Amino acid sequence: MYSGVLARYSEFLPVTPATPRITLGEGDTPLVRSPRLEKELGCGELYFKLEGCNPTGSFKDRGMVVAVAKAVEAASAAIICASTGNTSASAACYGAICGLSTIVIVPRGNIALGKLAQAIVYGAKILAIDGNFDQALEMVRTLVEKHPVTLVNSINPHRIEGQKTAAFEIVDSLGEAPDFLFIPVGNAGNITAYWKGFVEYYAAGKSSQKPRMMGFEAEGAAPIVRGERVPNPETVATAIRIGNPASWKGAVAARDESGGVIDSVTDDQILEAYRLMASKGGVFGEPASAASLAGLLKWSGKLDLSGKRVVCVVTGSGLKDPDTAMRGSPSLVELPAEVSDVERALGWGT
Ligand code: AN7
């Protein structure tokens, strides 16, 4: 039976005999090939890493299981995070199974419905502030200085440690590191974690190369691309609506050490990729997750991808954000429960 990332990758993680091996089956997510899209894009091989298949529907569970296990090991009674949604769902979930009190601070009105629903049902204390993620994170940093509560945002290094296991899995699946890794960038913890994972696995002799790291911010929330903080970030991809990423330096190091790129994609490009990923790839990711494929679409003409292996990280499930899915969709055809009416509606007139 699969027993989670703490057990599978313990030799690469900060676990001691005193660390509880908690798990909800996080990690071990599918790496699926997309023959239809790889042909259109001219890649040798194109894969999606389906992080929406984690227990709470996003990659955050890999890091949260480690951060919460270490909090329990340190006899902490409470955890706290700022979040655009997925971190709060994951913290609430892992806090719940360990009996910790969980406090989440989210930007009011800018968190996808499904994520809020998760935090509610897992039983977190939810505070929705009149402010954005960056302000919420500043607040959390201040609160943990004054109160006995463990911070579980990715400035907690245990989060990065857990999240690097996704890079291990990709190498374990392919038998080698890919040539390119396309990944969304928000607070920049994940790109930092993946790079750490690829570097460590390479050093351990598990791969003979490392990928070029291709990170993508949303254009209205692109501090790393602009080289300065964005005070009022805006994007349809609320998960990455972040103007002052905590792991800014880690993202820049990943880019520079790997010979990669950090670029931005517009909301229109994100939404186009979001639909394409589902309609031709069969993968329903959330809008922020589609920044990976949007970046690949933007760069495919500038890179020679023939014969190359490309992985797009799909960081979270599309089910978390039904509002974006429904926006601009044609209204449903409503009709009586009669075969003749259905035939007429389909234009199969008799
Ligand atoms: C689906 O939940 O920051 O660059 O508070 O939910 O590591 O921040 C979420 C980020 C990409 C960006 N895709 O990852 C939060 C939060 C999805 C996300 C990102 C997030 P980072």
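Helices, as named in these legends, are DSSP runs of H or I with at least four residues, numbered from the N terminus. The model shown is a predicted one.

**View 1. Phe180 and Phe182 make a second tilted pair.** This pair is one of eight aromatic pairs found in a search of the whole structure. The ring centres of Phe180 and Phe182 are 6.4 Å apart and their planes meet at 35°, so this pair, too, is tilted. Phe180 has a relative accessibility of 4% and therefore counts as buried, while Phe182, at 0%, also counts as buried.

**View 2. Leu181 is a buried residue of strand 7.** The strand spans residues 180-184, and the relative accessible area of Leu181 is 0%. Once neighbours within four places in sequence are set aside, the residues in contact with Leu181 include Tyr194 and Phe198, as well as Ile170, Pro211, Met213 and Val311. The C-alpha atoms of Leu181 and Ser292 are separated by 8.6 Å, although these residues are 111 residues apart along the chain.

**View 3. Asp321 is buried yet has no salt bridge.** Asp321 is located in the loop that runs between strand 10 (309-314) and helix 14 (322-326). Arg327 provides the nearest side chain of opposite charge, at 5.4 Å, and this pair is not a salt bridge because the cut-off for one is 4 Å. The side chain of Asp321 is instead joined to that of Thr324 by a polar contact of 2.8 Å. With neighbours within four places in sequence left aside, Asp321 is in contact with Ala112, Tyr274 and Pro287.

**View 4. Lysine residues lie over the faces of Tyr202 and Trp299.** Lys210 is placed over the face of Tyr202, at 4.5 Å from the ring centre. Over the face of Trp299 lies Lys302, at 4.4 Å from the centre of the ring.

**View 5. Four aromatic residues come together in one cluster.** The members of this aromatic cluster are Tyr9, Phe12, Phe168 and Tyr201.

Technical notes:
Residues numbered from 1 in each chain as written. Predicted model: local features only at pLDDT ≥ 70, side-chain atom pairs only at ≥ 80, totals over all residues. Heavy atoms only, no water. Phe/Tyr/Trp six-rings, centres within 6.5 Å; stacked < 30°, edge-to-face > 60°. Buried < 20%, exposed > 50% of the residue type's maximum accessible area, 1.4 Å probe, protein only. Lys NZ or Arg CZ within 6 Å of the ring centre and 35° of its normal. Helix = DSSP H or I, 4+ residues; strand = E, 2+ residues; numbered from the N terminus. Lys, Arg positive; Asp, Glu negative; His and termini not counted. Polar contact = N/O pair within 3.5 Å; in protein donor to acceptor, adjacent residues only side chain to side chain. Contact = heavy atoms within 4.5 Å.
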